[in-house]
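Hi,

Here's the structure I promised to pass on. Have a look first, and my notes follow below.

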Amino acid sequence: LERYSSFAHVDYKLNKDVSVFAEGLFTNYTVTTEANPIVVGSVSSSPLTIPVTNPFISADLAQILASRPNPTAPFNLAQIIVPVGGRQERNEYSVYQLTLGAEGRVDSLDLSWSVYGSIGRTEQLQSAINYPSSAALQRLANASDGGRSLCAGGYDFTRINTFSQSCVEYVRRTARNTTTLEQKVLEATLQGRLFTLPAGDIRFALGADYRSNSYDYLPDALIQTGELANYLPIMPSNGEASVREVFGELYVPLLVDQPWAQDVSLNLGYRHSDYDTVGGVDTYRIDGTWQFNDVLALRGGYARAV
């Protein structure tokens, strides 16, 4: 794992009540893993078949094949092509995010506010290294000379460790898939004192936001066609979802400094979310706290989440 990161944040005070800020980050990290060589022909969508005319079929094997109900049918083979090398996966991520915002106070009304917008993007490059091509191996197996005309020595499946370097280069592939994720956020909030009860101030928070998330996945052509050994065919895909929300919270002090109640209060919350995929949904919560004294309190609540 190798990682590089950078981050910057700046604040600027326009006056004693209003300030603006900006921040950005960039991270790049690469992860490489390695495992055993691929078993070619193990995925049913891309079986490796050997025709009975293959020149590397021994006399004993030919006799066994001839005893089948259909003696001229090819047979399936699943095999590790060791000389191709251990399979590797290399994942490289680049992450960008930029946030701009402003915040301020209105002291005469005991109010504070904030607004910000953010855009983030993640780009992933996934490389599948040292993966044999099922199609290339099949061409070698189907060749009348066992593939000797395509690479030195051809594909002698009975003595796979003699697979030549030119045959390794003929069948070895690297596939590259890309995934892009993007998120946009815009949010504004207002909070402050609503009015005062004997037990204290009723305080509120109001807000609205917009969020969108999208992705785009593009697999390598080798994977789309199913040519890469041990991979089922995967097609490109993409999607997007967004939501617009309004929300509010309320803090209500009910009792304070009583003989049997040091503090009793309620917290209320509500949010309406309008998704472009499923429509509108409502969530809410109510929490209550009863502080008897410095060592004993009771708290309970009810919430609905979607």
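Cysteine 151 and cysteine 167 are joined by a disulfide, with 1.9 Å from S to S; the criterion is a pair of cysteine sulfur atoms within 2.5 Å. That rule gives a count of one disulfide. The torsion about the S-S bond of cysteine 151 and cysteine 167 is about 90°, so the disulfide is right-handed. Cysteine 151 sits in the loop between helix 2 (134–142) and helix 3 (165–171), while cysteine 167 is in helix 3, so the pair ties together parts 16 residues apart in sequence. Both cysteine 151 and cysteine 167 are buried (under 20% relative accessible area, 1.4 Å probe, protein chains only).

Before you go further: this is a predicted model, where local features need pLDDT of at least 70 and side-chain atom pairs count only at pLDDT 80 or more, though totals for chains, interfaces and linings use all residues. Residues are numbered from 1 along each chain as its sequence is written, and side-chain values use heavy atoms, leaving out hydrogens and water.

Now the sheet. Helices (H or I, at least four residues) and strands (E, at least two) are DSSP runs numbered from the N terminus, and two strands pair if DSSP finds at least two bridges between them. An open sheet is formed by 10 strands in the order 1-2-7-8-9-10-11-12-13-14, with antiparallel pairing. At the edges are strand 1 (2–13) and strand 14 (297–304), each pairing on one side only. Strand 10 (residues 200–218) pairs with strand 11 (residues 237–258) in the antiparallel sense over 15 bridges. Alanine 205 stands opposite glutamate 249 of strand 11.

Cheers

How values were computed
Buried means under 20% relative accessible area, exposed over 50%, partly exposed in between (1.4 Å probe, protein chains only).
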